[in-house]
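Work through the following exercises with the model at hand. Each task is followed by a solution in steps.

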Amino acid sequence: MADSDGRQVDSINHSTEEDVKLQEVVQAKCEGKELTKEEKQRLRKEKKQHKKNKKDDRGPPEKEKEKEKASVLAPSKPATQSPAHKAAPVPVNASASESPVAAEKPAKSKAEQRAERRARQDTERASKQGKKEGGQQSASSKPKATPNELQPVKRLPEHIQVDDPAALKKLAKKLERQQVPLRSDYGYKVSLFSHLHQYSRKNPPTQQISIPATVIHPSIVRLGLQYSQGIIAGSNARSVALLHAFKQVIQDYSTPPNEELSRDLVNKLSPYISFLSQCRPLSASMGNAIKHIKKEISNIPSQCKEEEAKRRLQECIDSYINEKIILASEAISKYAIEKISDGDVILVYGCSSLVNHILCEAFEKQRKFRVIVVDSRPRLEGREALRRLVKKGIRCTYVLISALSYILPEVSKVFLGAHALLANGYVMSRVGTSQIALVAKAYNVPVLVCCETYKFCERVQTDSFVSNELDDPDDLIVTRNGKTHLENWQTVKSLGLLNLVYDVTPPDFVDLVITDLGMIPCTSVPVVLRVKNVDQ
Amino acid sequence: MPGADKETDLSERIESFLSELKRCGRGAGSLRDSAETARETTALLRRITAQARWGNAGELMEIIRKEGRRMTAAQPSETTVGNMVRRVLKIIREEYARSRGSSEETDQQESLHKLLTSGGSSEDNFRQHFAHLKANVIEAINELLTELEGTTDNISMQALEHIHSNEVIMTIGRSRTVEAFLKDAARKRKFHVIVAECAPFCQGHEMATSLCKEDIETTVIPDAAIFAVMSRVNKVIIGTQTVLANGGLRAVNGTHTLALAAKHHSTPLIVCAPMFKLSPQFPNEEDTFHKFVSPHEVLPFTEGEILSKVNAHCPVFDYVPPELITLFISNIGGNAPSYIYRLMSELYHPEDHELYTGK
């Protein structure tokens with residue numbers, strides 16, 4: 001136990017120097033400099049200290065006792081679970097990281113839980129390394145079992161809990177800790193959607209950030225602005241831009257002393273992700289990409305040199321983009337072109353990069369078809385698709401979505417893109433897609449949805465209300481013949497504007513989903529998810 | 001000569017009316033108020049009856065049919081004009097028959113029987129001269145005018161029977177009838193209205209601002225969100241441009257999508273249409289149906305470089321089949337779409353259905 005004693009002495013020393021350090025910390029925060037991890041922990045500790053002093057007085061001996069307990073727990077766990085692996089670095093890491101944290105925590109159980117969790121993560125990581133090295137069945141099965149049985153109930157994402165003041169407070173606190181500006185809602189929200197955020201494009205989230213921003217990497221700031229102003233739109237575009245920005249972040253990253261790249265980089269990414277989700281709620285594809293990256297980062301072995309680790313991560317991001325997006329679209333085009341025959345009249349909605357790619361490929365392969373592009377206010381994304389197709393030389397017709405019943409008798413097939421495919425078979429896509437599928441079904445026109453597998457997500461949803469995105473309501477205002485009827489909609493008490501971004505299409509409207517794994521019916525999405533999970 | 005003056009005055013009025021009809025059609029989708037058109041047409045027909053020279057009912061009907069043909073040719077999509085012409089023709093027939101003393105009822109019913117038995121008996125019927133025919137006809141047309149003026153009120157009076165409190169009602173575009181209907185219900189009940197804006201003319205915006213003035217909770221949604229929002233809607237109440245003989249509708253574009261979404265969610269679709277919108281036309285192929293306006297509403301000229309290579313369409317109307325409609329509310333009460341054919345036979349004489357086959 002010499003180790004733990006040494007640690008105890010260390011932490012006591014820390015506590016005596018605390019006041020001095022605290023002042024430094026407060027100073028640093030006021031100047032807007034990024035707080036190191038230790039400084040942040042100091043701040044947290046100080047706050048908790050104040051709270052605790054108000055309630056009851058716990059003596060130092062209790063703290064020492066709990067520290068001992070925690071440090072006893074940590075080495076014992078790895079000892080039991082991974083006998084053959086590098087037990088030495090593991091308990092050192094565990095106790096080193098948890099002793100400054102465990103010290104002076106008023107709640108015993110919290111510290112214990114944290115220590116347990118840390119230990120568990122370390123053992124999982126160690127066992128995975130072991131798997132790569134030798135492959136020990138018994139040990140590998142245990143870590144696999146632990147995440148399953150200890151998986152907590154999934155927390156509700158914050159962006160659909162806007163009507164809950166407690167959740168809002170929690171978010172505000174978290175953002176304050178991460179030094180990310182909180183974006184305020186704008187305008188009157190329709191009562192059915194009071195649980196969602198509604199931002200205005202005229203109030204960008206960067207207004208409260210000082211220039212130059214030192215807390216958030218500048219490429220992330222730029223990316224967030226591009227999202228919030230709608231400059232980068234579309235599921236694939238946003239994911240690719242995100243991954244490129246992360247590449248830049250990793251390039252500029254340098255491991256601070258006494259920190260591990262695998263853990264510190266993940267923690268660095270959290271405020272960036274909070275900032276981006278303040279700019280615009282993350283899409284399902286972005287969520288999957290982030291999960292993948294975080295996993296890759298935490299899988300970096302600790303003895304890997306920084307340059308090597310960075311290079312590996314960059315390669316990993318490149319290969320993700322290549323496999324999941326570029327090659328996937330090639331595969332989907334190959335399948336989809338089989339479905340396009342000569343003389344077809346194909347209807348597309350809005351601007352889906354994948355569907356545009358398919359049509360351009362089909363045109364190059366000398367298929368004879370013409371395209372009808374359906375568009376809708378207020379985004380009018382169809383015009384972009386129209387430009388791309390016309391540039392290729394494809395014959396196009398353009399209508400608004402209200403003319404759908406007029407144009408559908410001419411159509412032979414409908415190709416739709418998707419934002420995400422939900423686990424119950426519903427297709428989440430741009431608002432208006434479900435309408436097109438509905439009317440196409442009424443006219444007996446086949447509806448084909450094209451979607452890469454990285455957009456599949458485990459959520460389930462049955463209507464377009466519970467989880468959606470509200471865009472800037474001012475987009476609906478239009479001036480016709482010199483008159484703008486909705487100009488002063490804010491002043492009118494009983495008027496609301498609703499600018500939805502997504503809607504869900506029930507699976508009975510969709511005839512086929514074309515993915516890079518093949519052509520599947522809508523209801524096979526959970527099968528694909530399971531297969532993916534098993535692979536990983 | 002006073003007679004000549006009257007005639008020139010009359011033809012002037014007719015010409016101005018025709019040119020106005022032609023002009024409004026070219027305007028960017030600002031559909032003229034149908035009630036106004038109906039009133040003006042009827043007033044004009046009354047003037048023709050009063051001022052034109054005719055000896056017997058047959059001549060009068062011929063004159064009216066001729067003018068009617070010109071008016072419908074000026075603006076084929078404005079069907080109220082033709083409807084009013086047919087109503088007046090029916091009035092003339094009725095008044096003639098009354099003057100002659102024969103009962104009208106037997107002539108209307110059992111048209112199949114009539115087909116087999118009478119046949120040519122109606123040919124020379126309208127040649128008799130009656131002194132009071134003119135006065136009677138003008139009086140009947142005045143009654144028709146009063147009826148026209150009261151249609152909107154009659155329809156709004158029925159509002160409370162159909163709207164309960166805390167309902168969510170959906171509508172599309174702008175219909176003065178529906179506006180009056182909802183405003184009347186709002187005096188006593190509290191409900192929420194969702195208006196689909198109906199691009200590209202966005203008349204839904206006007207409707208929403210007008211409803212807000214009466215403190216009705218209104219939300220404006222883009223057309224693309226109709227299906228997304230439909231699951232929370234209790235009733236769909238719409239107006240229409242024309243009610244066709246089979247019970248179908250010719251309404252603003254986007255109405256068919258709205259009707260399909262309502263059917264999918266089993267939401268009742270209620271159409272508020274006064275009787276003068278009922279037209280004896282049947283729907284034929286959609287192509288002969290549609291009225292288009294300039295595609296620059298859809299794809300503006302600022303998109304110059306792709307404009308020449310792209311076909312853009314901007315249809316104004318949509319056909320809604322009668323299976324999707326639950327109820328018609330008109331100034332004579334509520335009816336199912338399957339009953340429309342009967343109402344039509346009461347309003348128009350079968351021989352007047354085609355104005356073009358005049359003698």
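Axes are lines fitted to C-alpha atoms, for helices over the stretch in contact, and angles run from 0 to 180 degrees between N-to-C directions. Helices (H or I, at least four residues) and strands (E, at least two) are DSSP runs, numbered from the N terminus. This is a predicted model, in which local features need pLDDT of at least 70, side-chain atom pairs count only at pLDDT 80 or more, and totals for chains, interfaces and linings use all residues. Residues are numbered from 1 along each chain as its sequence is written, chains are lettered from A and ligands numbered from 1 in the order in which they are written, and side-chain values use heavy atoms, without hydrogens and water.

**Exercise 1.** Determine how the axes of α12(A) and α13(A) cross.

Step 1. The axes of helix α12 (residues 284-298) and helix α13 (residues 306-338), both of chain A, come within 11 Å and cross at roughly 150°.

Step 2. Since angles over 145 degrees count as roughly antiparallel (under 35 roughly parallel, 65 to 115 roughly perpendicular, the rest oblique), α12(A) is roughly antiparallel to α13(A).

Step 3. Contact means heavy atoms within 4.5 Å; among the residues that make it are A:His292 of α12(A) and A:Tyr320 of α13(A).

**Exercise 2.** Is B:Leu249 buried or exposed?

Step 1. B:Leu249 lies in strand β6 (residues 249-252) of chain B.

Step 2. Buried means under 20% relative accessible area, exposed over 50%, partly exposed in between (1.4 Å probe, protein chains only). With a value of 0%, B:Leu249 is therefore buried.

Step 3. Beyond four places in sequence, B:Leu249 touches residues including B:Val271 and B:Phe328.
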